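Subject: Structure for you to look at

Hello,

Here is the structure we talked about. Please open it beside this email and follow along.

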Amino acid sequence: MPAIYILIAVIVLLFFGTTLAILSRYRKCPSDKVMVIYGKVGNTENGSARSARCLHGGAAFVWPVIQSCAYLDLTPISISVDLRSALSRQNIRIDVPSRFTVGISTETAVMQNAAERLLGLGLDQVQELAKDIIFGQLRLVIATMDIEEINTDRDKFLAAVSSNVETELKKIGLRLINVNVTDITDESGYIDALGKEAAAKAINDAKRNVAEQNRAGTVGESEAQRDQRVSVAEANAVAIQGENEAKVQIADSEAVRREREAEALRRATAAEKVAQAKALEEAYAAEENAERARAVREQASLRADVIVRAEIEKEQAQLSAEAEAERIRRQAQGEADAIYARLAAQAKGAEELLTRQAEGFRRIIEAAGGDTQAAVQLMIADKLENLLKTQMEAIKNLSIDKITVWDSMNGKDGGSTTSDFIKSYMSAVPPMNEMFRMAGMELPGFMGKPVTPAPQPVQPAPEEAPHGEA
C-alpha cells in the first residue's frame, strides 16, 4: 500500500510539474513591445525556413528547447542630427540642424526586418545606426533642392526627407515618427541675403501703400474743406442778420444785468471782508496753540533721540571690544596650536630620520660581518663616485682657448717638449691610487700596483758668462 501511495504522489507531482512548465512557456506580449520568437518557427510560403516570428500584442506558446523569445522595445527614439556643410543643388553649403523621432515599426514585414537586424542591439547602437542612415538621406535630399525651396517651401522639404528616410529605415525595421528642422543657415550668407531682400521688399510695399493712402486722404480732406467753407459762408450770411437784431436786445439786457451785478458785488464784497477778518483771527489763535504743542513734541523727541543714540553707541562699543578681545584670544590660541603642531611634526620627523639612519648603519655593519672598519669602507665606496665627481669638478671648467707649442725636440731623457707638456698636464688629474688612499682604502690587486714616480735630478743652474764675452 505505501508503494502505491508513493507512485500516485510521483504521478501527481509529474503532472503538476509538466503543467507548470507548459504554462511558464506561454508568453504574453505587452502593448509597448514586439515579441520575437526564434528557433524552429516554421517555413515561409516558398518553403525556406523562417528566421523568426514577430507578435505585437496577444500571446503565444514558446516550445522549450527548440524555441526561445526576446522583446523589441517600441519606445520612440529621439535622434539629434546636426548636419553641417551639406551641399545643395546650387553648390552652396548649408547647415541643417534637425531632430528625428523614430521607433520600431509594427508592420508585419518591417517587424520581421527589425527582428533580423535589431534584435540584441542596445538603444545606443540602434540610435547610431539610424543616425547614419538619416545623415545620408538628408544630404541626398538637400543635394536635389535649391536653397529657396528648402527655406521657403518647408513642407516640400520635410515631405522629401520623410519619404527618403522612412524608406531606408524600414529596411532595418524602423519607422519615422516625426521630423523637426530648426533654423537653416549657410556659410556664404545666402539665406540671410534672401531674408533681407524679402524684408526690404515688404518695407517698400508698405511705404508705397502708406503714400497712396496719404494722397487719397489729402485730396478728400481738401474737397471736404471746400464744401465746408461754402456752406459756412452761406450760413454766416443768414446768421449775421439775425445776430445784429439780437445784439440790440442783448445790449439792453446787458445793461440791466450789469446794474444788478454791481449791487450784488458790493454786498458780497462787504460780507466777504467781514468773514475773512473773523477767519484770520481764529486761524491765528489755532496756529499759536499748534506751535506750542509742536515745540513740546520736538523737545521730547530730541531728548529721546540723544539718549537712545548714546545708549546704543555705548552697547556697540562694549560688543566691539568684547568681539576684538575674543578674536585676539582665538588667534593667539590658533597660532600657539600651529607652532606646537609644527614643532611636534619636526621632532617626529627628525626622530624618524635618525632612527632610519641608525637602522641603516646597523645593517651595513651586519653586512660587513661586524667589522666597523669594513663597514666604513663600504660606505665610502658607495660614495666614491660622488667624491670623484666632486674632485673632477675642480678641472672641469678649465677654459683653454688655444695651446701653441714650439717643439725643438730637446726634451729630457730624449723626449720631446710636447710629450713633457702632455705628461705634466695629465698629472694635474688626481691619481686613482691617491684617491683611494685619501678615502682610507687600497686599490684591488687586479688594478695594478701603485707606481712611485722616480725622483727627478736637480739640474744645475747655468753659469753666467763674464761680461763682455759672447
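Leaving aside its neighbours within four places in sequence, which residues is Q137 in contact with? They are N164, V165 and E168. Before going further, please note that the model is predicted.

Q137 is placed in helix α3. Is Q137 buried or exposed? Its relative accessibility is 15%, and under 20% counts as buried, so Q137 is buried.

Helix α3 covers residues 123-143 and helix α5 covers residues 154-170. Two packed helices are described by the angle between their axes and the distance between the axes. For α3 and α5, the axes come within 9 Å and cross at roughly 140°. Angles over 145 degrees would count as roughly antiparallel and those from 65 to 115 as roughly perpendicular, so α3 and α5 are oblique to each other. Their crossing is right-handed.

On the α3 side, the residues that meet α5 are A130, I133, I134, Q137, L138, L140, V141 and I142. On the α5 side they are F157, A160, V161, N164, V165, E168 and L169. Sorted by class, this contact has 12 nonpolar residues, two polar ones and one charged one.

S98 lies in strand β7, which runs over residues 93-104. With a relative accessible area of 5%, S98 is below the 20% limit and is therefore buried.

Next, helix α2, residues 108-117. Which of its residues are buried? They are V110, M111, Q112, A114 and A115. The cover over these buried residues includes strand β7 and helix α5, both mentioned above, along with β2 (33-39), β3 (52-55), β5 (67-73) and β8 (174-181).

Last, the protein chain as a whole.

- Its secondary structure comes to nine helices and nine strands.
- Of its 470 residues, 16% are buried.
- Among contacts between residues at least 6 apart in sequence, 66% join residues at least 24 apart.
- The chain exposes about 35,500 Å², and carbon and sulfur atoms supply 58% of that area.

Regards

Terms used:
Residues numbered from 1 in each chain as written. Predicted model: local features only at pLDDT ≥ 70, side-chain atom pairs only at ≥ 80, totals over all residues. Heavy atoms only, no water. Axes fitted to C-alpha atoms, helices over the stretch in contact; angles between N-to-C directions. Helix = DSSP H or I, 4+ residues; strand = E, 2+ residues; numbered from the N terminus. Parallel < 35°, antiparallel > 145°, perpendicular 65-115°, else oblique. Left-handed = near helix turned anticlockwise from the far one by under 90°. Contact = heavy atoms within 4.5 Å. Nonpolar A, V, L, I, M, F, W, Y, C, P; charged D, E, K, R; others polar. Buried < 20%, exposed > 50% of the residue type's maximum accessible area, 1.4 Å probe, protein only. Areas by Shrake-Rupley, 256 points an atom, 1.4 Å probe, with all protein chains shown as cover.
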